[in-house]
Amino acid sequence: MFSKILIANRGEIALRIIRACRELGIETVVVYSEADRNASYIELADEAICIGPASPAQSYLNIPAIISAAEVADVDAIHPGYGFLAENAHFAQICLDCGIAFIGPRPESMRMLGDKVAARELAKKAHVPVVPGSDGQIKDEKEAIKLANKIGYPVIVKAAAGGGGRGMRVAHNDISLRNAFATARAEAESAFKDGTVYLEKYIIEPRHVEVQIMADKSGNALHFFERDCSIQRRHQKLIEESPCPILDERTREELCKAALKVIKEAKYENAATVEFLLDRNKKFYFIEVNTRIQVEHPVTEMVTGIDLIKMQLRVAGGQNINLKQRDITHSGVAIECRINAEDPDRNFAPCPGKVDKFILPGGMGVRVDTHIYQGAVVTPYYDSMIAKLIVHRPTREEAIITMKRALSEFRIGPIKTTIPACFKILSHNMYLQNKVDTSFIEQHLS
Ligand code: ADP
């Protein structure tokens with residue numbers, strides 16, 4: 001097991017990893033940018049090293065600076081968190097080349113699954129249903145139009161290297177497909193330096209359901225059930241819950257087994273999320289694998305009672321998972337709301353600034369993962385998420401009541417946050433009746 005690790009990240013996930021390490025007796029080193037020098041978790045880590053100015057390119061994405069910090073602090077391993085370098089196979093390889101363990105998958109698996117076209121092919125090989133679409137990449141407009149007419153509109157053009165909802169365009173006819181093809185490709189080229197795109201049928205009003213997986217170095221892979229992340233804005237998740245409220249036991253089992261098949265086919269190690277879309281007939285289709293711990297991992301932790309970050313650390317340190325699939329059960333319902341510093345009344349524009357008022361919710365069944373404190377400054381340089389509010393109660397009805405109560409206790413000011421938007425969604429009849437899909441916010445809350 002590791003005795004000292006470096007956390008190559010910031011914000012709530014840096015704090016989350018420090019907490020897991022503290023319980024495992026692992027020393028922590030956090031790196032921070034000049035903009036984060038007053039971050040709360042710096043006090044809680046055993047060591048802290050400034051790695052550069054505010055701009056991510058010069059700090060949290062600055063591989064030489066991070067590796068130098070790791071060498072100076074003499075750590076055994078690096079935890080990348082999510083975002084930044086978490087899915088950068090080149091960074092993972094450099095860590096290994098420097099004799100530092102990377103707390104995540106092997107670079108080869110990251111490279112393969114990070115390419116969504118390759119991941120689709122792998123899922124097909126594992127006999128897991130994928131969204132109908134192209135075999136491999138689409139090279140030109142002509143090919144795209146031919147295929148779209150075969151599978152039927154609407155279709156979605158997606159970037160092979162895509163992430164964070166970027167490089168995706170929907171098309172409803174030949175004319176809009178020409179446009180979608182060109183813009184998706186250009187966006188992919190500029191965001192990911194890789195203009196490779198592919199085509200999928202655009203599933204109408206799907207639910208986004210994903211399966212949490214953990215696999216050790218000896219090839220044991222287990223699933224930790226599913227999360228429903230259908231409440232999204234511009235393909236970015238806002239509210240997640242576990243279990244998915246509309247799945248029957250049989251479909252749940254099939255879904256989790258399908259996710260495991262993909263992971264085993266990839267000979268994968270450490271934490272992963274296998275994402276699927278569920279159509280109106282509750283038929284599921286693989287869309288991609290995320291090769292990192294995800295923002296929404298706490299809902300799985302709450303329903304299974306398992307600390308996923310500790311498990312990541314143990315597995316990366318070479319321990320086998322000492323559980324059998326039947327040992328992993330889920331109970332009750334967990335919901336997470338992402339509290340972002342954004343103004344819902346100004347089309348969710350980022351809303352940085354000083355936090356003068358910060359009153360945390362609490363009480364039975366409430367968990368808050370946040371690095372923010374009264375007096376903290378939310379800077380404009382990074383992701384706008386400032387807290388995750390998670391509740392866990394025996395039933396969905398109770399979880400919704402507790403979440404609404406906790407949201408109404410949570411006071412953050414004067415900056416604007418997504419708290420009122422989350423409250424509105426949780427009060428909406430369609431949410432209460434499980435009649436939501438990924439277009440819910442655009443259709444009912446805009
Ligand atoms: P990213 O890696 O950018 O997050 P994903 O492939 O995970 O992209 O897709 C993100 C979201 O985009 C999905 O949760 C879903 O809402 C929407 N989406 C992606 N593919 C399709 C599709 N074929 N049909 C309908 N919606 C889709």
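A disulfide is a pair of cysteine sulfur atoms within 2.5 Å. This is a predicted model: local features need pLDDT of at least 70, side-chain atom pairs count only at pLDDT 80 or more, and totals for chains, interfaces and linings use all residues. Residues are numbered from 1 along each chain as its sequence is written, and side-chain values use heavy atoms, with hydrogens and water left out.

**View 1. Cysteines C21 and C95.** The structure holds zero disulfides. C21 is in none. Its nearest cysteine sulfur belongs to C95, 15 Å away. C21 has 0% relative accessibility and so counts as buried (under 20% relative accessible area, 1.4 Å probe, protein chains only).

**View 2. Cysteines C351 and C422.** C351 is in no disulfide either. The nearest cysteine sulfur, from C422, is 15 Å away. C351 counts as buried because its relative accessibility is 13%.

**View 3. The three domains.** Domain 1 spans 4–103, domain 2 spans 132–201 and domain 3 spans 207–444. These bounds come from an automatic or database domain assignment. The C-alpha centres of domains 2 and 3 are 28 Å apart.

**View 4. Where domain 2 meets domain 3.** Six residues of domain 2 are in contact with four of domain 3 (heavy atoms within 4.5 Å). About 390 Å² is buried between the two domains, 54% of it from carbon and sulfur atoms. Buried area is the accessible area (1.4 Å probe) that two parts lose on being put together, summed over both. Zero salt bridges link domain 2 and domain 3 (a side-chain nitrogen of Lys or Arg within 4 Å of a carboxyl oxygen of Asp or Glu).

Technical notes: Buried means under 20% relative accessible area, exposed over 50%, partly exposed in between (1.4 Å probe, protein chains only).
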